Amino acid sequence: MVAERPTVDESYWMATAPGAARPPLGADLTVDVAVVGGGIAGLCTAWELVLAGLDVVVLEADRIAAGVSGYTTAKLTALHGLAYARLEAEHGADAAALYALSQQDAVDRTAALCADLDIDAELERAPAYTYVTDPERAGEVRAEAEAARRAGLDASFVTDTELPFPVAGAVRVAGQVQFHPRKFLLALADKITGAGGRIHERTRVTGLRDGAHCRLSTENGAAVEARDAVIATHYPVFDRTLLFTRLKPRRELVIAAPVPADAAPTGMYLSPEDRVRSLRSAPYDDGRRLLIVTGESFEPGAGRVGERFARLEAWARQRLPGYAAAERAYQWSAQDNDSSDHLPYIGHAHPGSQHVYVATGFGGWGMSNGVLAGRLLAAHIAGGPRPAWTDLYDPRRLPAMRETGELARFQAAVAHHFVGDRLHTSHVDSVQDIPPGSGAVVRLEGKRRAVYRDESGHVEALSARCTHLGCLVHFNDLDRVWECPCHGSRFATDGAVLHGPATRPLERREAPGDET
């Protein structure tokens with residue numbers, strides 16, 4: 001029985017599957033493959049490689065399955081919003097068919113892993129829907145259903161759903177998966193170490209030498225020699241092919257409340273309307289399920305996160321009677337990266353590399369793409385037949401002419417922050433103007449400083465320049481962290497790195513106006 005509680009500022013997955021700590025890397029190590037990143041892409045890659053008989057180590061900067069993979073909505077589906085009509089138009093029918101085949105393969109692979117390895121991840125088969133309520137957009141959804149069906153999915157256009165409000169139309173694909181991602185990944189991690197693999201937490205990789213053999217250096221001084229290295233850090237922390245020019249980060253908010261089981265959807269729902277809305281439910285306790293609502297897509301550092309949560313809450317209470325009668329139990333936020341051509345990058349990191357691989361640009365569909373990445377990267381590294389979709393996801397693919405507009409928009413947004421944020425005046429005139437429990441970028445002695453004041457009046461001052469590529473950070477008022485709007489790095493109020501691509505903390509500066 002899950003007890004009632006006030007809202008927890010934590011993901012349900014993290015709160016209900018804490019997991020045991022794993023030791024940091026304490027000495028130099030030589031292995032066949034080093035996997036950097038302990039989320040779904042990294043752990044699935046490690047499992048497939050261990051299964052192939054290779055000596056593998058996973059190096060995680062924080063805790064495994066505690067980054068993006070611990071804060072997902074955990075919908076594992078081949079239906080990705082309105083992807084298929086776009087893929088067919090931009091890349092052709094064959095590419096759309098390969099995309100559908102690879103995504104459904106990942107869905108089925110996850111179900112098979114849970115069955116074969118006896119993993120209790122609360123896995124449920126359920127239909128996935130992409131819906132709209134605006135009649136003027138019904139044709140768009142009908143076109144997506146037709147494109148998805150041409151791509152090979154068992155897709156249909158419907159106008160009736162179990163939602164407690166009418167829809168103008170929806171795409172429906174049966175046989176998809178929803179599960180508890182932490183329970184799945186923590187169990188898979190145990191299988192990895194049980195089969196001879198190694199996992200080290202609190203081990204931030206800060207350097208990578210690419211060559212006939214790879215050498216990875218870590219923050220604590222230990223090094224790893226490996227024949228091959230996989231960068232599975234969500235946003236690549238090492239990027240010699242400038243993938244950062246083809247990736248755009250975004251954040252979304254999640255709220256969840258226990259509702260009577262008969263008031264919870266059994267399917268998974270997504271709408272592109274209202275700044276994106278996503279619904280699903282998960283097992284909770286006797287007679288109830290956890291209703292999970294996601295939305296309010298926005299740029300990291302955009303601020304007013306509390307207002308965004310309030311909008312999402314108001315929408316849920318207006319649209320979902322079960323939620324309206326419940327008390328919110330959990331709230332959290334997630335981060336995703338969109339690629340400029342709407343396809344992930346999975347494979348060789350750059351044209352000159354034969355031994356460094358990358359997995360990124362999952363576009364909000366990290367569960368299926370993470371499992372897909374594990375299978376595809378293992379085929380690259382362990383040898384044997386490669387999937388038919390290998391070239392589709394190759395990071396070395398050249399941008400097409402049709403991609404130039406999206407690339408220009410991505411870089412214009414970065415330039416806006418890199419240059420524009422330096423031209424703007426500060427949000428506050430002095431450190432004394434910063435309320436307790438808040439932060440702001442302030443000009444001190446001609447320099448921009450990221451200044452946080454805690455409830456006791458203690459002031460923490462840092463350089464406001466992100467240590468990745470130098471954009472100015474912004475303060476997230478709800479999570480109380482510093483965020484880079486350019487590439488999505490996140491830092492604690494003391495400057496520690498919480499989320500890459502940055503690998504170095506914000507530099508400390510003298511803290512004026514400290515009232516403690």
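Predicted model: local features only at pLDDT ≥ 70, side-chain atom pairs only at ≥ 80, totals over all residues.
Student: Let's start with strand E4. Is it mostly covered or uncovered?
Tutor: Strand E4, residues 124-132, is mostly covered, with seven of its nine residues buried.

Student: Which way does E4 pair with E6, and over how many bridges?
Tutor: The pairing of E4 with strand E6 (residues 169-178) is antiparallel and runs over eight bridges. As one example, Thr-130 has Val-171 in E6 as its bridge partner.

Student: And what about E4 and E12, parallel or antiparallel?
Tutor: Parallel, over three bridges; E12 covers residues 268-271. There, Ala-128 is bridged to Met-268 in E12.

Student: What holds paired strands together in general?
Tutor: Strands of a sheet pair through backbone hydrogen bonds, in either the parallel or the antiparallel sense.

Student: New topic: Arg-277. Where does it sit?
Tutor: Arg-277 belongs to strand E13, residues 277-285.

Student: Buried or exposed?
Tutor: Arg-277 is buried, because its relative accessible area is 2% and the cut-off for buried is under 20%.

Student: What does the side chain of Arg-277 make a polar contact with?
Tutor: With the side chain of Glu-296, at 2.8 Å. Leaving aside neighbours within four places in sequence, the residues in contact with Arg-277 include Tyr-131, Tyr-269, Leu-270, Arg-311 and Trp-315.

Student: How far is Arg-277 from Val-224?
Tutor: Their C-alpha atoms are separated by 43 Å, and the two residues are 53 apart along the chain.

Student: What is between E9 and E10 in their hairpin?
Tutor: Four residues lie between the strands, and Gly-221 in this hairpin takes a positive phi near 100°.

Student: Which residues of E9 are on the covered face, and which on the uncovered one?
Tutor: Cys-214, Leu-216 and Thr-218 make up the covered face, while Arg-215 and Ser-217 make up the uncovered one.

Student: Why every other residue?
Tutor: Because side chains in a regular strand alternate between the two faces of the sheet.

Student: What does E9 do with E8?
Tutor: E8 and E9 form a hairpin with four residues between them. Strand E8, residues 205-209, pairs with E9 in the antiparallel sense over four bridges. Leu-208 has Leu-216 in E9 as its bridge partner.

Student: Now the helices. At what angle do H2 and H9 pack?
Tutor: About 35°, with the axes of H2 (residues 40-51) and H9 (residues 366-382) 8 Å apart. The crossing of H2 past H9 is right-handed.

Student: What classes of residue are in that contact?
Tutor: There are 11 nonpolar, four polar and two charged residues in the contact of H2 with H9. Among those taking part are Ile-40, Cys-44 and Leu-49 from H2, and Met-367, Val-371 and Ile-381 from H9.

Student: Last one: what is the strand order in the sheet with E21?
Tutor: The order is E21-E22-E23-E24, in an open sheet with antiparallel pairing. E21 (474-476) and E24 (497-499) are at the edges with a single partner strand each, so one side of each has no neighbour in the sheet.

Definitions and conventions
Residues numbered from 1 in each chain as written. Heavy atoms only, no water. Buried < 20%, exposed > 50% of the residue type's maximum accessible area, 1.4 Å probe, protein only. Helix = DSSP H or I, 4+ residues; strand = E, 2+ residues; numbered from the N terminus. Pairing = 2+ DSSP bridges. Axes fitted to C-alpha atoms, helices over the stretch in contact; angles between N-to-C directions. Left-handed = near helix turned anticlockwise from the far one by under 90°. Contact = heavy atoms within 4.5 Å. Nonpolar A, V, L, I, M, F, W, Y, C, P; charged D, E, K, R; others polar. Polar contact = N/O pair within 3.5 Å; in protein donor to acceptor, adjacent residues only side chain to side chain.
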